[in-house]
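Please examine the charged side chains of the protein shown below, and then its overall build. The report begins with one pair of residues and widens from there.

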Amino acid sequence: GYKVVDAGDFEGALLIFRRASELDPSRADLRELSAQCLMQMDRWEEAHVEALQAHQLDPDWADGAITLGRTARNTGRLQ
């Protein structure tokens, strides 16, 4: 997935990260990576759902919390 991201193919990377998440749904990092791809494509509502799921899987993970905050801000959930 990272090579696909580096090539700028965020849709392709999203498919890879989502498939990996289906195979191992306990991994918060895969949800957060999906959120990052969605943010790059300005799909903020979907990104927020992924970020929220990542945060629920690992509420103590700082990177996940930061991504959740970014999506919340960009979807108007934070004032």
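The side chains of E50 and R31 meet in a salt bridge, with 3.2 Å from N to O; a salt bridge here is a side-chain nitrogen of Lys or Arg within 4 Å of a carboxyl oxygen of Asp or Glu. E50 belongs to helix α4 (residues 44–57) and R31 to helix α3 (residues 28–40), so the pair ties together parts that are 19 residues apart in sequence. Helices are DSSP runs of H or I with at least four residues, strands are runs of E with at least two, and both are numbered from the N terminus.

This is a predicted model, in which local features need pLDDT of at least 70 and side-chain atom pairs count only at pLDDT 80 or more, while totals for chains, interfaces and linings use all residues. Residues are numbered from 1 along each chain as its sequence is written, and side-chain values use heavy atoms, with hydrogens and water left out.

Not counting residues up to four places away in sequence, E50 touches R18, R31, S34, A35 and L38, where contact means heavy atoms within 4.5 Å.

The structure holds eight salt bridges, and three of them, including the pair already described, are set out here.

| Salt bridge | N to O distance |
|---|---|
| E50 and R31 | 3.2 Å |
| E46 and R43 | 2.9 Å |
| D29 and R27 | 2.6 Å |

In the bridge between E46 and R43, E46 is partly exposed at 32% relative accessibility, and R43 is likewise partly exposed, at 25%. Salt bridges that share partners join E11, R18, R31, R43, E46 and E50 into one network. For the pair of D29 and R27, the relative accessible area of D29 is 25%, which places this residue in the partly exposed class, and R27 is also partly exposed, at 37%.

The protein as a whole carries 9 positive and 14 negative side chains, and the centres of the two sets lie 2 Å apart. In this count Lys and Arg are positive and Asp and Glu negative, with His and the chain ends not counted, and the place of a charge is taken as NZ of Lys, CZ of Arg, CG of Asp or CD of Glu.

Another buried position is L30 in helix α3, which has a relative accessibility of 5%. Leaving aside neighbours within four places in sequence, L30 is in contact with F17, A20, S21 and D24; L30 and A20 are 10 residues apart in sequence, and their C-alpha atoms are 7.1 Å apart in space.

The secondary structure comprises five helices and zero strands. The radius of gyration of the protein is 12 Å, close to the 12 Å that the globule rule gives for 79 residues, so the protein is as compact as a globular protein of that length; this radius is taken over C-alpha atoms, and the rule is 2.2 Å times the number of residues to the power 0.38. Along its principal axes the C-alpha trace spans about 35 × 25 × 15 Å, and 33% of the 79 residues count as buried. Among contacts between residues at least 6 apart in sequence, 49% join residues at least 24 apart.

Definitions and conventions. Buried means under 20% relative accessible area, exposed over 50%, partly exposed in between (1.4 Å probe, protein chains only).
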